[in-house]
Amino acid sequence: MSSHQQLLALCNQYHAVLLAEDEQRLRIAVAPNPPAQLFESLRFICDKHVEVEFWSAERLEKARHLPPSTGTEEVHEGGASVVTLLNETLQKAIQLRASDIHFEPTKESYRIRLRIDGVLQLQPLLPASLAAPLTARLKVLGNLDIAERRLPQDGQMDVDAGSGKASFRISTLPVRYGEKVVLRLLQQTEHPLELSALGMSAKDSALFQAALVHPQGMILVTGPTGSGKTLTLYSALNALNKTGTNVCSVEDPVEIPLMGLNQTQVNIKAGLTFQNILRALLRQDPDVVMVGEIRDSETAEIAIKAAQTGHLVLSTLHTNSTVETVIRLEQMGIARWLLASAIQVVIAQRLVRKLCSHCKALKAGEITLPPQLWSNPLPDWQPVGCERCYGGFYGRTALFEILPVENTLRTAIARGAHAADIEALAREQGLVTLFESGCQAVSQGLTTLEEVYRVLGVPHG
């Protein structure tokens, strides 16, 4: 990015207006009492003499919204400014229900991809020359250091989305042809935080709600990033959020602010780690504690002990199945007898794309799987695509595998039974696996078998 582009971005960041610039000097307008950082940054960018005019906030605001007359705003081939282009991209992403936006510089072009219903979708390519000004604009919005291009940076930004403000988490990363920027849409308020809206079967919902009424114990929600764990946890917290209950959480970051909850955000720079906050929370007379994620053995140990000493603890873990969760916690150094006594229920989940109800088509013939995987023939649903959806899919639905830890399983876990033995016992007690949950969704016409394979892989058997 040229020094002129950096200068424009800096003025944008501090709500200043660039009035004139030549080889020896530059003239800017700012509000009275400007921050010292502005002038420090100006000296860092260029060695020119700086002349300053002090304007009222109203005059500055009007000047900043005037159309550019001196070519000071980057313009792309279509004639629209970088600011307009970025606003249009963000509006489109929100309209298409994208969860993430990827800005990627390549050798020949600038690529933007939107993650819609869990799958990245390529947008029309832009000229490579737009990479630097678009990255600078994003950094300004996220309050990041526009001059730092060698190190990754993280931040947060709020954007006016027409119908209200949308919050994004911003992450930059140096790559071969510049910096890649990824935006994650943080607040998706269209999801109701109700247990009934999660998409669980009546049986699974009853098991989950039975665990939530326990005064103590641990409830674990597992799955990879982007599998809907956060929504499941917050729906549970919302159900537990009563005036007579002290609900506390430690999160990184706080993704959904909820009235009535005491939510604390991790701040590593300030020494606020998961472990430190969790220890402090346990001295705050909590009834329910939510730990955003169990990342290490120390956090796991504190959470397990809290679940044994009169607290209901909810947390997440990155494992592939319910049974694997027990093994992972054991690998973290938690004794089997502690696990057996603390865990109430383990929930594994994934998200699959839902077929568009307006254009889905049923292909002739049925799909037959090996009987040990699924005993009944499955309908062969196909995505078609129409103006209401994206590629034949609209939205996502969750697949669940719920393992309640009853007395038989507690005994098996405590005596160190192998994962296969624990799974066999769970199957005897009626465990429905993630793949079986996927087959149920296919039989109900919610998704396709190909989509279940994409998310879960092809099972052995």
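**Close-up 1. Glu 104 sits in strand β4.** This is a predicted model, and here we zoom in on Glu 104, one of the residues in β4, the strand that covers residues 98-105. With a relative accessibility of 6%, Glu 104 counts as buried, because the cut-off for that label is under 20%. Its side chain has a partner: the side chain of Lys 180, with a polar contact of 2.7 Å between the two. Leaving aside residues up to four places away in sequence, Glu 104 touches Lys 180 along with Ser 109, Tyr 110, Arg 111 and Arg 113.

**Close-up 2. Helices α1 and α2 pack at an angle of about 175°.** Look for α1 at residues 3-13 and α2 at residues 36-45; their axes lie 10 Å apart. Angles over 145 degrees count as roughly antiparallel, so that is how α1 and α2 run relative to each other. On the α1 side, the meeting residues are Ser 3, Gln 6, Leu 7 and Leu 10, while α2 brings Leu 38, Ser 41, Leu 42 and Ile 45. Sorted by class, this contact has five nonpolar residues, three polar ones and no charged ones.

**Close-up 3. Helix α6 has buried residues, and they sit on the same side of the helix.** In α6, which spans residues 202-212, the buried ones are Asp 204, Ser 205, Phe 208, Ala 211 and Leu 212. Why the same side? They take up an arc of only 125° around the axis. As a rule, an α-helix has 3.6 residues a turn, so residues three or four places apart point the same way. So what covers the buried residues of α6? The cover includes α7 (229-240) and the strands β11 (217-222), β15 (312-317), β16 (343-355) and β19 (393-404).

Conventions:
Residues are numbered from 1 along each chain as its sequence is written. This is a predicted model: local features need pLDDT of at least 70, side-chain atom pairs count only at pLDDT 80 or more; totals for chains, interfaces and linings use all residues. Side-chain values use heavy atoms; hydrogens and water are left out. Buried means under 20% relative accessible area, exposed over 50%, partly exposed in between (1.4 Å probe, protein chains only). Helices (H or I, at least four residues) and strands (E, at least two) are DSSP runs, numbered from the N terminus. The arc is that of the directions from the helix axis to the C-beta atoms. Contact means heavy atoms within 4.5 Å. A polar contact is a pair of N or O atoms within 3.5 Å; within protein, one must be able to donate a hydrogen and the other to accept it, and residues adjacent in sequence count only if both atoms are side-chain atoms. Axes are lines fitted to C-alpha atoms, for helices over the stretch in contact, and angles run from 0 to 180 degrees between N-to-C directions. Angles under 35 degrees count as roughly parallel, over 145 as roughly antiparallel, 65 to 115 as roughly perpendicular and the rest as oblique. Ala, Val, Leu, Ile, Met, Phe, Trp, Tyr, Cys and Pro count as nonpolar, Asp, Glu, Lys and Arg as charged, and the others, Gly among them, as polar.
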